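Colleague: I should like to go through this model with you, one part at a time. Could you please bring it up?

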Amino acid sequence: MEAKKVDHRRLSQVISQMKKDPEGSMGIYVVGGWRVQISRYKQTSAERVRALYSRRRDQGLCIACGKKVTKTNPANGRLYRLCEDHRKNIDYKKAGKPAKRRK
Ligand SMILES: [Zn+2]
C-alpha cells in the first residue's frame with residue numbers, strides 16, 4: 001500500500017469518512033513524519049485478497065492487475081472480470097478443462 005502524505009485537516013476528513021465508507025478510507029497516511037494506518041483489524045490475507053477482488057470487481061477493474069475492463073461478457077451483460085491481456089492468459093487456458101463453477 002502506497003503511503004499518502006496528508007495534513008491534519010485531510011486526516012480528519014479521512015477519519016470522518018471511515019463512518020460511512022471504511023473501505024474507501026483505508027490506507028497509510030503520513031502526517032508530519034508520523035504514520036497512520038487504517039486497515040481492517042485482524043484481517044487474514046485470504047480476506048484481504050477477497051476484499052481487493054470485490055473492490056476491483058465493483059469498479060469494473062481487472063481482478064489481476066486493476067486495469068479498466070472495457071469488454072462485457074455477452075452471456076450475462078456484465079463486464080469481464082479480467083482485462084483483455086489477462087483474459088487471454090487465464091480464462092482461455094481454463095476453457096480446455098472441465099467446467100468447474102467459481103463462487
Ligand atoms: Zn489484467
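Colleague: In which sense do strand 2 and strand 3 pair?

Modeller: This is a predicted model. In it, strand 2 (residues 27-31) and strand 3 pair in the antiparallel sense, over 5 bridges. Strands of a sheet pair through backbone hydrogen bonds, either parallel or antiparallel.

Colleague: Which residue of strand 3 stands opposite V30?

Modeller: V30 stands opposite R35. V31, in turn, has W34 of strand 3 opposite it.

Colleague: And how many residues lie between the two strands of the hairpin?

Modeller: There are 2 residues between strand 2 and strand 3 in the hairpin. G32 is in the turn and has a positive phi of about 50°.

Colleague: What is the order of the strands in the sheet?

Modeller: The order is 1-2-3, in an open sheet of 3 strands with mixed pairing. Strand 1 (3-5) and strand 3 (34-38) are the edge strands, each pairing on one side only. On average, neighbouring strands of this sheet are turned by 30° against each other, direction ignored.

Colleague: Which strands does helix 1 touch?

Modeller: Helix 1 (residues 8-20) packs on the sheet and touches strand 2 and strand 3. The direction of helix 1 makes about 150° with that of strand 2.

Colleague: Why is strand 3 said to lie largely in the open?

Modeller: Strand 3 has 5 residues and the number buried is 0, so it lies largely in the open. In the protein as a whole, buried residues make up 5% of the 103 residues.

Colleague: Let us change topic to S25. Where is S25 found, and which residues does S25 touch?

Modeller: S25 is found in helix 2 (residues 22-25). Leaving aside residues up to four places away in sequence, S25 touches V14, Q17, M18 and I38. The C-alpha atoms of S25 and L11 are separated by 9.8 Å, and these two residues are 14 apart along the chain.

Colleague: Why does S25 count as partly exposed?

Modeller: S25 counts as partly exposed because it has 16 C-beta neighbours inside 10 Å. A residue needs 20 or more to be buried, and 12 or fewer to be exposed.

Colleague: What about K42: where is its place, and what is its phi?

Modeller: K42 is in the loop between strand 3 and helix 3. The phi of K42 is positive, about 55°, although K42 is not a glycine. Most residues other than glycine have a negative phi. K42 is exposed, with 5 other C-beta atoms within 10 Å.

Colleague: How far apart are the end C-alpha atoms of helix 3?

Modeller: They are 20 Å apart in helix 3 (residues 45-58). At 1.5 Å a residue, its 14 residues should span 20 Å, so the two values agree. Helix 3 is hardly covered, as the count of buried residues among its 14 residues is 0. G60, which follows helix 3, has a positive phi near 70°.

Colleague: Finally, what pattern does the protein follow along the sequence?

Modeller: The pattern is β-α-α-β-β-α-α, with 4 helices and 3 strands in the protein. Among contacts between residues at least 6 apart in sequence, 24% join residues at least 24 apart.

Conventions
Residues numbered from 1 in each chain as written. Predicted model: local features only at pLDDT ≥ 70, side-chain atom pairs only at ≥ 80, totals over all residues. Contact = placed C-beta atoms within 7 Å. Pairing = 2+ DSSP bridges. Axes fitted to C-alpha atoms, helices over the stretch in contact; angles between N-to-C directions. Expected span 1.5 Å × (residues − 1).
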